[in-house]
Amino acid sequence: MITPHILRFDSLPSTNLEAAREAADGASEGLCVIAAEQTAGRGRLERHWISPKGAGLYFSIVLRPQLRQSEWPLLTLMAAVAVHETLIDVFGLTADIKWPNDILANDKKLCGILAETVETRLGRAVVLGIGVNLRTGSFPAELQDVATSVQAATGQDADVEAFILPLAQALVSYYQTLQLPEGPERILREWSRRSSYAEGKRLRLVDGAAIIEGVSRGLGPDGALIIETNAGELKTFRSGDVTRLRPLEADGNEVHAQRDQK
Ligand code: BTN
């Protein structure tokens with residue numbers, strides 16, 4: 001049984017970097033690093049994660065998985081399930097999971113997850129970094145349209161302290177589930193149950209220069225997203241950025257926004 005051990009900092013460049021440093025020094029799995037602010041927060045696809053003081057939870061956990069290499073991508077899906085469950089339990093949020101691991105409320109991003117592997121003298125470790133927006137008031141204007149926060153989604157000021165331990169416990173518990181013989185299947189099922197993106201969602205996926213539009217058709221055994229393209233072909237994607245598209249009407253035209261509101 002892994003017991004979460006929490007280290008708190010006032011300010012760090014990145015909790016992922018600090019957790020990776022601790023992992024390289026031999027930290028046990030379950031070590032969690034939290035900072036009140038990050039000065040160089042890291043996002044997926046080399047993006048920056050804006051991390052002002054008091055506006056978010058900046059959290060990283062060290063894990064040392066005993067999984068087949070092909071199952072490692074399931075760690076971020078597992079983390080999304082754990083965060084999704086904790087957001088519902090603690091804040092009563094209505095939330096969705098966008099493939100692979102963004103948590104959305106009202107179709108806007110509320111949480112991002114970044115997994116990074118670290119080579120250590122105890123073997124390969126993974127640092128799972130989780131950023132939850134608590135308040136978006138101080139976010140730059142361009143983020144206000146695409147990001148939301150627990151405060152904006154619930155109308156209440158989020159008590160981050162009430163969230164930290166349940167989050168760490170949910171992560172450890174789903175992590176242990178993932179490592180059971182039937183664990184990968186259980187995590188895929190949990191993820192799909194919680195995500196409107198798993199099945200039948202019209203979406204666009206951008207992966208480098210490739211842009212694909214189609215309908216989601218579930219996940220592969222390693223968490224890859226299967227898309228039925230507009231040409232009727234099933235394609236599997238292991239990375240990329242997904243955005244939802246409006247549903248098509250029977251005539252193949254997009255449903256218009258004003259008709260959505262009826
Ligand atoms: C994403 O781009 O969606 C992933 C964002 C992950 C941000 C978190 S905040 C805590 C941890 N430390 C980092 O530097 N990044 C992750």
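This is a predicted model: local features need pLDDT of at least 70, side-chain atom pairs count only at pLDDT 80 or more; totals for chains, interfaces and linings use all residues.
Leaving aside its neighbours within four places in sequence, Arg-194 is in contact with Val-81, His-84, Glu-85, Ile-88, Ala-95, Asp-96, Ile-97 and Tyr-174.

**Arg-194**
- With a relative accessible area of 12%, Arg-194 is buried.
- One of its contacts is with His-84, and here the two side chains make a polar contact at 3.1 Å.

**Helix 5 and helix 6**
- Helix 5 spans residues 161–178 and helix 6 spans residues 183–194; their axes come within 7 Å and cross at roughly 130°.
- On the helix 5 side, the contact involves Tyr-174, Thr-177 and Leu-178.
- Helix 6 meets them with Gly-183, Pro-184, Arg-186, Ile-187, Glu-190 and Arg-194.
- The residues of this contact divide into four nonpolar, two polar and three charged.

**Cysteines**
- If you search the whole structure for disulfides, you will find zero.
- Cys-32 is in no disulfide, and the nearest cysteine sulfur, that of Cys-111, is 14 Å away.
- Seen from Cys-111, the closest cysteine sulfur is in Cys-32, and the 14 Å between them is too far for a bond.
- Cys-32 counts as buried because its relative accessibility is 0%.
- Cys-111 also counts as buried, at 0% relative accessibility.

Conventions:
Residues are numbered from 1 along each chain as its sequence is written. Side-chain values use heavy atoms; hydrogens and water are left out. Axes are lines fitted to C-alpha atoms, for helices over the stretch in contact, and angles run from 0 to 180 degrees between N-to-C directions. Helices (H or I, at least four residues) and strands (E, at least two) are DSSP runs, numbered from the N terminus. Contact means heavy atoms within 4.5 Å. Ala, Val, Leu, Ile, Met, Phe, Trp, Tyr, Cys and Pro count as nonpolar, Asp, Glu, Lys and Arg as charged, and the others, Gly among them, as polar. A disulfide is a pair of cysteine sulfur atoms within 2.5 Å. Buried means under 20% relative accessible area, exposed over 50%, partly exposed in between (1.4 Å probe, protein chains only). A polar contact is a pair of N or O atoms within 3.5 Å; within protein, one must be able to donate a hydrogen and the other to accept it, and residues adjacent in sequence count only if both atoms are side-chain atoms.
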